[in-house]
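Visitor: I have not seen this structure before. Please show me how to read it, one feature at a time.

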Amino acid sequence: MSVLDNYTLDSAEDIAREIADSFRKRRIEKNLTREEVALRSGVAASNIARFEQKGLISLKHLINIAMTLGYTSEVRSLFAQPKYSTMEELTQIRRNSNKKKAHKA
């Protein structure tokens, strides 16, 4: 494995597939069928199948199935911490931390 493998730019589709693959693994580890997850989460089995096969799902349904498998805190923490790549960006984040909406610079 190359050191550069960690620095490739993923597409939204790639990330969706990874999330779907991870969901499927966790579902199988818990010995749950798609139908059982559907019953527990309120998400149609057809939507769960489409998610596992194509990585397509609404945010609401993703949250419902994440909660069903016990991943509520992971979903909640998705945007919980600010991310920055430069000191200038960190300074801007700190300046804007108490604002209610964004304004053009």
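Visitor: How many residues does the chain have, and what share of them count as buried?
Guide: Buried means under 20% relative accessible area, exposed means over 50%, and partly exposed lies in between, with a 1.4 Å probe and protein chains only. Of the 105 residues of the chain, 17% count as buried. This is a predicted model, in which local features need pLDDT of at least 70 and side-chain atom pairs count only at pLDDT 80 or more, while totals for chains, interfaces and linings use all residues. Residues are numbered from 1 along each chain as its sequence is written, and side-chain values use heavy atoms, with hydrogens and water left out.

Visitor: How many helices and strands does the chain have?
Guide: Helices (H or I, at least four residues) and strands (E, at least two) are DSSP runs, numbered from the N terminus. Here there are six helices and zero strands, and the pattern along the sequence reads α-α-α-α-α-α.

Visitor: What share of the contacts joins residues 24 or more positions apart?
Guide: Contact means heavy atoms within 4.5 Å. Among contacts in the chain with a separation of 6 or more, 45% come from residues 24 or more positions apart. For a distance along and across the chain, take Glu13 in helix α1. Glu13 is 43 residues from Leu56 in sequence, yet their C-alpha atoms are 8.8 Å apart in space. Glu13 counts as exposed because its relative accessibility is 56%.

Visitor: How do I read the packing of α1 and α3?
Guide: Two packed helices are described by the angle between their axes and the distance between the axes. Axes are lines fitted to C-alpha atoms, for helices over the stretch in contact, and angles run from 0 to 180 degrees between N-to-C directions. Angles under 35 degrees count as roughly parallel, over 145 as roughly antiparallel, 65 to 115 as roughly perpendicular, and the rest as oblique. For α1 and α3 the angle is about 120° and the axes are 7 Å apart, which makes α1 oblique to α3. On the α1 side the contact includes Ala16, Ile19 and Phe23, and on the α3 side it includes Ile48, Phe51 and Glu52.

Visitor: Which classes of residue make up the contact of α1 with α3?
Guide: Ala, Val, Leu, Ile, Met, Phe, Trp, Tyr, Cys and Pro count as nonpolar, Asp, Glu, Lys and Arg as charged, and the others, Gly among them, as polar. By these classes, the contact of α1 with α3 has six nonpolar, one polar and five charged residues.

Visitor: Which residues of α3 are buried?
Guide: In α3, residues 45-54, they are Asn47, Ile48, Ala49, Phe51 and Glu52. These buried residues pack against α1, α2 and α4. Ala49 counts as buried because its relative accessibility is 14%. Its C-alpha atom is 7.1 Å from that of Arg34, 15 residues away along the chain. Just after α3, Gly55 takes a positive phi of about 75°.

Visitor: Where is Asn31, and what is its phi?
Guide: Asn31 sits in the loop between α1 and α2. Its phi is positive, about 60°, although Asn31 is not a glycine. Asn31 counts as exposed because its relative accessibility is 66%.

Visitor: At what angle do α2 and α4 pack?
Guide: The angle is about 105°, with axes 9 Å apart, so α2 and α4 are roughly perpendicular to each other. Val37, Arg40 and Ser41 in α2 meet Asn64, Ile65 and Thr68 in α4. This contact divides into two nonpolar, three polar and one charged residue.

Visitor: What lines the largest pocket?
Guide: Rolling a probe the size of a water molecule over the atoms shows where empty space is left. On a 1 Å grid over the protein atoms alone, a cavity is a set of points where a 1.4 Å probe fits but cannot get out, and a pocket is an open set with protein on both sides within 12 Å along at least five of seven lines; lining residues have an atom within 4 Å of a point. Here 16 residues line the largest pocket, with Ile19, Leu62, Ala66, Tyr71 and Val75 nearest its centre. The lining divides into 13 nonpolar, one polar and two charged residues. Its largest share, five residues, comes from α4.
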